[in-house]
Amino acid sequence: MYIKETIQAYSLVLSNALKKVSEEGPKKYITYDFDFSFFNEFTLETIESCNEHWAYQEVLGKIKGPCVYWFEIVSEIESKRIRSLIIDYKKLGIKSVPSIKKNFDADSKILYVGKVKRYFWSRMIQHLGYYKVKKTQGLQLYHWAKGLDLKLRLHVYEFEEEMSNLVGTIEYKLARELKPIIGHHS
């Protein structure tokens, strides 16, 4: 039966991808710092066409492969306050945000852990809050963090394309270890 051979072949591809990562590590590691105190509203133009934010696309737009990433809070704002702002924004029902945990580690400095199989820059636009589709879930940072002296550090591990179906497992493990204050990982 050809299904068995298909499963074996696909398993070999996955095991080879995992072996390469276990021996060599991810393809690339990138950090990027965001300062939300100067973010502007974009209603007439897209973030990609704004000179002020060109650096984001210049760096983050080059990430093409599957990734796991997380946002670390580097400013002196308490996690409880950030969580409260997100809850208040979520109640407005304007745009979709990640799930809010009932229990969270108030000492955690990790806002969110995520993964993408591809289109990393598009996912960042959603998290920044500049994506036009209201039902697409993202952190919506611009909407609740504007005017706040919030500084976040984005950490990204990019993998080879063969890892695209495995980054979800890595995301789950990272979330368990990093204990983000929002987002559901099961």
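The structure is a predicted model. The protein chain contains 186 residues, of which 41% are buried. Its secondary structure comprises 6 helices and 4 strands. Read from the N terminus, these elements follow the order α-β-α-β-α-β-α-α-β-α. When contacts between residues at least 6 apart in sequence are considered, 81% of them join residues at least 24 apart.

The strands form an open sheet of 4 strands in the order E1-E4-E2-E3, and the pairing is antiparallel. Strand E1 (28-35) and E3 stand at the edges of the sheet; each has a single partner strand, so one side of each is left without a neighbour in the sheet. From one strand to the next, the twist averages 15°. Strand E2 is joined to strand E4 (residues 151-158) by 7 bridges, and these two strands run antiparallel. Within this pair, Cys67 lies opposite Glu158 of E4. H4 packs on the sheet and touches E1, E2, E3 and E4. The direction of H4 makes about 30° with that of E2. Helix H6 (residues 167-178) also packs on the sheet, where it touches E2 and E3. The angle between the direction of H6 and that of E3 is about 170°.

One of the bridges links Glu72 to its partner in E3, Ile110. Although E3 is an edge strand, 6 of its 7 residues are buried, so E3 is largely enclosed by the rest of the structure.

Helix H6 has 12 residues, which at 1.5 Å a residue should span 16 Å; the C-alpha atoms at its ends are 16 Å apart, in agreement with that expectation. Val167, Glu171 and Ala175 are buried in H6. These three residues cover an arc of only 80° around the axis, which means that they lie on the same side of H6. The buried residues of H6 pack against E2 and E3. Thr169, Lys173 and Glu177 are exposed, and they are carried on the face of H6 turned away from its buried side. The helix thus has a side with buried residues and an opposing face with exposed ones. Just after H6, Lys179 adopts a positive phi of about 55°.

Helix H1 (residues 2-24) gives a similar check of helix geometry. Its 23 residues should span 33 Å at 1.5 Å a residue, and the end C-alpha atoms are 33 Å apart, which agrees. H1 is followed by Gly25, which has a positive phi near 85°.

Most residues other than glycine have a negative phi. Tyr119 has a positive phi, near 60°, and is located in the loop between strand E3 (110-116) and helix H4 (120-128). Gln140 has a positive phi as well, near 55°, and is located in the loop between H4 and helix H5 (141-145). The surroundings of the two residues contrast. Tyr119 is exposed, because its relative accessible area is 58%, above the 50% cut-off. Gln140 is buried, because its relative accessible area is 2%, under the 20% cut-off.

The loop between H4 and H5 also holds Tyr130. With a relative accessibility of 8%, Tyr130 counts as buried. Tyr130 and Tyr142 are separated by 12 residues in sequence, and their C-alpha atoms are 7.5 Å apart in space.

Note on methods. Residues are numbered from 1 along each chain as its sequence is written. This is a predicted model: local features need pLDDT of at least 70, side-chain atom pairs count only at pLDDT 80 or more; totals for chains, interfaces and linings use all residues. Side-chain values use heavy atoms; hydrogens and water are left out. Buried means under 20% relative accessible area, exposed over 50%, partly exposed in between (1.4 Å probe, protein chains only). Contact means heavy atoms within 4.5 Å. Two strands pair if DSSP finds at least two bridges between them. Axes are lines fitted to C-alpha atoms, for helices over the stretch in contact, and angles run from 0 to 180 degrees between N-to-C directions. The expected span of a helix is 1.5 Å times one less than its number of residues. The arc is that of the directions from the helix axis to the C-beta atoms.
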